[in-house]
Amino acid sequence: MFKIVEIEAENVLGLECRGKLTEDDLRGIHSWIDSELAKGGKPSLVILMGSFDGYADASAFWADLKIDAKHVGDLSRVAIVADQTWLKWGTVAANPFTGADLKWFATDDRGLAISWAGDGS
């Protein structure tokens, strides 16, 4: 599941992902991102993933890749906030392909992640 999170920083969007994301979750995320980007500007995004367990199935993973491909260059910075090592390495691997600065932060560094994201907006 996902939920929109209010971030106390100008031009920074917030999203929390928990459990396993489904294809429907990713469609909802995609719709939300599209509507936020339609407002103009190049916002940053903070994704809280401390309770993220992966994808429900391959179609959900594919839906996530489509979001990433569609929005290359649309975001200024993306902060991934999580403690899972696999997400840290995934962030490093994905960075060259996002068109945004992408950086991983431990959950204890949530405030630092928000500050970093806000500096890019």
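A residue is called buried when its relative accessible area is under 20%, exposed when that area is over 50%, and partly exposed in between. These words are used throughout for what follows, which describes a predicted model.

**Helix α4**

Helix α4 runs over residues 110-119, and A113, I114, W116 and A117 are buried in it. Seen down the axis of α4, these residues fall within an arc of 165°, so they line one face of the helix. What do the buried residues of α4 pack against? Their partners are four strands: β2, β3, β4 (77-81) and β5 (101-105). The face turned away from the buried side of α4 carries L112 and D119, which are exposed.

**Helix α2**

Helix α2 covers residues 58-70. It has 13 residues and reaches 18 Å from its first C-alpha to its last. That is close to the 18 Å expected at 1.5 Å a residue.

Which residues of α2 are buried? They are A60, A63, D64 and I67. They cover an arc of only 100° around the axis, which puts them on the same side of α2. An α-helix has 3.6 residues a turn, so residues three or four places apart point the same way. The cover over the buried residues of α2 includes β2 (12-21), α1 (23-37) and β3 (44-55). On the other side of α2, A58, W62 and A69 are exposed.

**A nonpolar patch**

F61, W62 and L65 make a nonpolar surface patch of about 320 Å². W62 is one of the exposed residues of α2. L65 also lies in helix α2. L65 passes the area cut-off because its relative accessible area is 35%, which makes it partly exposed.

**Salt bridges**

Side chains of opposite charge can pair when their charged atoms come close. The cut-off here is a Lys or Arg side-chain nitrogen within 4 Å of a carboxyl oxygen of Asp or Glu. The count comes to 6 salt bridges.

| Pair | N to O distance | Relative accessibility |
|---|---|---|
| R18 and E16 | 2.8 Å | R18 37%, E16 13% |
| R27 and E23 | 3.1 Å | R27 47%, E23 29% |
| K39 and E36 | 3.1 Å | K39 64%, E36 17% |

Take R18 and E16. R18 is partly exposed, whereas E16 is buried. This pair also belongs to a network of salt bridges that links K3, E16 and R18.

R27 and E23 both lie in helix α1. They sit 4 residues apart, about one turn of the helix. R27 counts as partly exposed, and E23 is partly exposed as well.

In the pair of K39 and E36, is each residue buried or exposed? K39 is exposed because its relative accessibility is 64%. E36 is buried because its relative accessibility is 17%.

Notes:
Residues numbered from 1 in each chain as written. Predicted model: local features only at pLDDT ≥ 70, side-chain atom pairs only at ≥ 80, totals over all residues. Heavy atoms only, no water. Patch = residues over 30% accessible without salt bridge, like charges linked within 9 Å, V, L, I, M, F, W, Y side chains within 5 Å. Areas by Shrake-Rupley, 256 points an atom, 1.4 Å probe, with all protein chains shown as cover. Helix = DSSP H or I, 4+ residues; strand = E, 2+ residues; numbered from the N terminus. Buried < 20%, exposed > 50% of the residue type's maximum accessible area, 1.4 Å probe, protein only. Expected span 1.5 Å × (residues − 1). Arc of directions from axis to C-beta. Contact = heavy atoms within 4.5 Å.
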